[in-house]
Amino acid sequence: MYRITLIPGDGIGPEITAATKKVLAATGVEIEWEEKLAGETALKECGELLPEDTLASIRKNKVALKGPLTTPVGTGFRSVNVALRKEFDLFANLRPARTFEGVKSRYENVDLVVVRENTEDLYAGIEHMVGEDAAESIKIITRRGAERIVRFAFEYAVREGRRKVTVVHKANIMKCTDGLFLAVARQVAQEYPQIEFEDRIVDNMCMQLVQKPELYDVLVMPNLYGDIISDLCAGLVGGLGMAPGANIGTDIAIFEPVHGSAPKYAGQNKVNPSAMILSAVMMLKYLGEREAAEKVEKALAEVIREGRVVTYDLGGTASTLEMAEAIVHKMRD
Ligand code: NAD
């Protein structure tokens with residue numbers, strides 16, 4: 001029995017969460033959900049975006065599944081997602097991107113994973129004005145930060161049976177910072193002779209991904225390149241409704257779809273639950289429940305391939321819950 005913190009979130013969050021719970025219940029993996037608030041819902045009910053009670057639950061259970069949160073407009077609100085990342089030192093952002101037959105995309109046979117460093121680089125937020133007409137931002141790369149993310153990428157590749165790790169950088173220009181990242185990557189790679197290793201300069205990487213994404217497997221990179229390339233990869237395979245994600249630290253992990261709370265669709269039971277379900281699949285794999293994870297992923301792929309019970313963004317008319325029920329049905333076949 002796993003006890004897992006569940007944050008349904010805002011907007012469409014509760015609907016895709018209900019759909020995902022239904023699918024997970026059909027795997028037979030016993031999960032006790034501890035439902036907690038965050039985001040706009042928490043602000044309304046408890047007066048804060050990220051209540052201590054929610055943090056305590058994640059700290060205790062060590063694994064959380066999270067729906068999207070609305071960031072209230074106006075000054076003074078920190079992003080809850082950034083706050084969670086900082087609180088639990090979730091240094092690895094994992095974003096798989098794979099093509100599903102039946103999802104409109106320009107490509108076939110794409111199956112790659114972006115591993116983005118989550119805590120350093122230009123996101124360290126060290127910037128200031130230099131007089132009135134210039135500004136400076138400081139890029140931080142540490143040996144420790146680079147080593148743990150590159151090692152994470154290789155360990156992930158080994159665990160998931162992947163064949164290649166590509167490190168993405170701009171070490172030809174940023175010889176100190178990206179140079180250090182690349183040097184550390186080369187060093188760590190030597191410990192994994194069974195995994196092919198290569199490096200790509202980030203601009204070339206973008207072109208290669210657009211031209212022949214099927215050649216790539218696990219990509220590891222500093223924070224800013226990861227931010228941009230992970231969105232590029234989501235675009236390669238059919239966009240937001242299909243993009244799962246995870247933020248992982250040394251002993252705590254939070255799984256969540258990449259998309260936001262899509263407020264205009266809230267309460268309509270209409271949006272695609274796939275990104276949230278695929279985030280739960282990543283969670284099952286993280287927990288070591290590989291068989292259950294593969295069963296869900298296969299059933300989801302089959303439902304999408306058939307195209308009969310899918311949501312509007314996949315060209316269908318099914319509701320969120322109907323699509324989840326079709327996946328459950330397929331799992332029983
Ligand atoms: P969004 O991802 O919520 O929605 C953009 C559009 O994408 C939607 O209007 C819809 O057309 C489509 N879409 C998104 N999810 C879908 C799904 N599951 N199925 C089908 N279509 C889907 O982005 P936004 O409108 O820029 O942001 C809305 C709110 O979400 C904002 O408050 C933003 O801060 C927040 N947000 C939260 C997260 C998070 O919690 N991880 C991520 C991004 C945005």
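Modeller: The protein chain has 11 helices and 12 strands, where helices (H or I, at least four residues) and strands (E, at least two) are DSSP runs numbered from the N terminus. Its radius of gyration is 20 Å, close to the 20 Å that the globule rule gives for 333 residues, so the chain is as compact as a globular protein of that length. That radius is taken over C-alpha atoms, and the globule rule is 2.2 Å times the number of residues to the power 0.38.

This is a predicted model, in which local features need pLDDT of at least 70 and side-chain atom pairs count only at pLDDT 80 or more, while totals for chains, interfaces and linings use all residues. Residues are numbered from 1 along each chain as its sequence is written, and side-chain values use heavy atoms, with hydrogens and water left out.

Along the principal axes, the C-alpha atoms fill a box of roughly 55 × 45 × 40 Å. Of the 333 residues, 53% count as buried; buried means under 20% relative accessible area, exposed over 50%, and partly exposed in between (1.4 Å probe, protein chains only). Among contacts with a separation of 6 or more, 74% join residues 24 or more positions apart, contact meaning heavy atoms within 4.5 Å.

The part to examine is helix H6, residues 177-189. Its 13 residues should span 18 Å at 1.5 Å a residue, and its end C-alpha atoms are 18 Å apart, which agrees. The expected span is 1.5 Å times one less than the number of residues.

The buried residues of H6 are Thr177, Asp178, Gly179, Phe181, Leu182, Val184, Ala185, Val188 and Ala189. An α-helix has 3.6 residues a turn, so residues three or four places apart point the same way. In H6, Phe181, Val184, Ala185 and Val188 are among the buried residues.

Buried in H1 are Gly13, Glu15, Ile16, Thr17, Ala19, Thr20, Val23 and Leu24.
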